[in-house]
Amino acid sequence: MARVILFLVMIISGSIVAQQNNAQEEVKTTIETFFEGFHKGDTTLMKSVMTDKLITQTAFKNKEGKDILVTEEASKLIKAVATRLADQKWEERLLDFKIQVDGNMANAWVPYAFWFNDAFSHCGVNSFQLFHDNGQWKITYLIDTRRKEDCQD
């Protein structure tokens, strides 16, 4: 009897781990889809993985070293991507993914390096909050940091 219980526990545990790994991969794919749209200038693709009321913020230090937090409408990001000049190349290189999932909520910590027309611009971390909305992960909140030093690539 103890062997049967141990066997059932192992099967259930394996199933939970597999579901967790699958959810993490889905979250990663959602973020990669967002940036695929960002790089191509395809705002429809970006919006496909965003909630309607996405909140965006940026945290940085100004020239005087003061901590600044800027909150903007997601529509401003979408407009910037949609109206980017054809001769501008924006490349946000995603360096790592640390993803946590609990049921229908997920968080992803994604360090990045940003390149403008093939020249390094800045680096930082994107922190995404996502919600599993009836079968699809959607980005509900995005905050990023920006700096020019202590960067990896």
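**Loop residues, aromatic contacts and pockets**

Asn 134 is located in the loop that joins β6 and β7. In this predicted model, its phi is near 50°, a positive value in a residue other than glycine. With a relative accessibility of 77%, Asn 134 is classed as exposed. A positive phi is also found at Asp 118, where the angle is near 65°. Asp 118 belongs to the loop between β5 and β6 and is exposed, its relative accessible area being 52%.

Aromatic contacts were examined next. A pair of aromatic rings is described by the distance of the centres and the angle of the planes. The count comes to seven aromatic pairs. In one of them, the ring centres of Phe 35 and Phe 128 lie 6.2 Å apart with the planes at 90°, so the arrangement is edge-to-face. Because Phe 35 is part of helix α1 and Phe 128 part of strand β6, this pair ties together parts that are 93 residues apart in sequence. Phe 35 is buried, at 4% relative accessibility, and Phe 128 is likewise buried, at 0%. For Phe 38 and Trp 90, the centres are 5.5 Å apart and the planes stand at 40°, so this pair is tilted. It links distant parts of the chain, with Phe 38 in helix α1 and Trp 90 in strand β3, 52 residues apart. Both Phe 38 and Trp 90 are buried.

Two arginines are placed over aromatic faces. Arg 84 lies over the face of Trp 90, at 4.4 Å from the ring centre, and Arg 93 lies over that of Trp 115, at 4.1 Å from the ring centre.

The largest pocket has a volume of about 530 Å³. Its lining comprises 21 residues, and Phe 38, Thr 58, Leu 77, Asp 144 and Arg 146 lie nearest its centre. Elements that each supply at least two lining residues include helices α1 and α3 and strands β1, β2 and β3. By class, the lining contains ten nonpolar, five polar and six charged residues.

The second largest pocket has a volume of about 290 Å³. Among the residues that line it are Phe 60, Lys 61, Asp 67, His 122, Arg 146 and Glu 149. At least two lining residues come from each of β1, β2 and β6, and β1 provides the largest share, three residues. The lining of this second pocket divides into three nonpolar, three polar and six charged residues.

How values were computed: Residues numbered from 1 in each chain as written. Predicted model: local features only at pLDDT ≥ 70, side-chain atom pairs only at ≥ 80, totals over all residues. Heavy atoms only, no water. 1 Å grid on protein atoms, 1.4 Å probe; cavity = no way out; pocket = protein on both sides within 12 Å on 5 of 7 lines; lining within 4 Å. Points joined across faces, edges and corners; volume = space filled by probe spheres on them. Helix = DSSP H or I, 4+ residues; strand = E, 2+ residues; numbered from the N terminus. Nonpolar A, V, L, I, M, F, W, Y, C, P; charged D, E, K, R; others polar. Buried < 20%, exposed > 50% of the residue type's maximum accessible area, 1.4 Å probe, protein only. Phe/Tyr/Trp six-rings, centres within 6.5 Å; stacked < 30°, edge-to-face > 60°. Lys NZ or Arg CZ within 6 Å of the ring centre and 35° of its normal.
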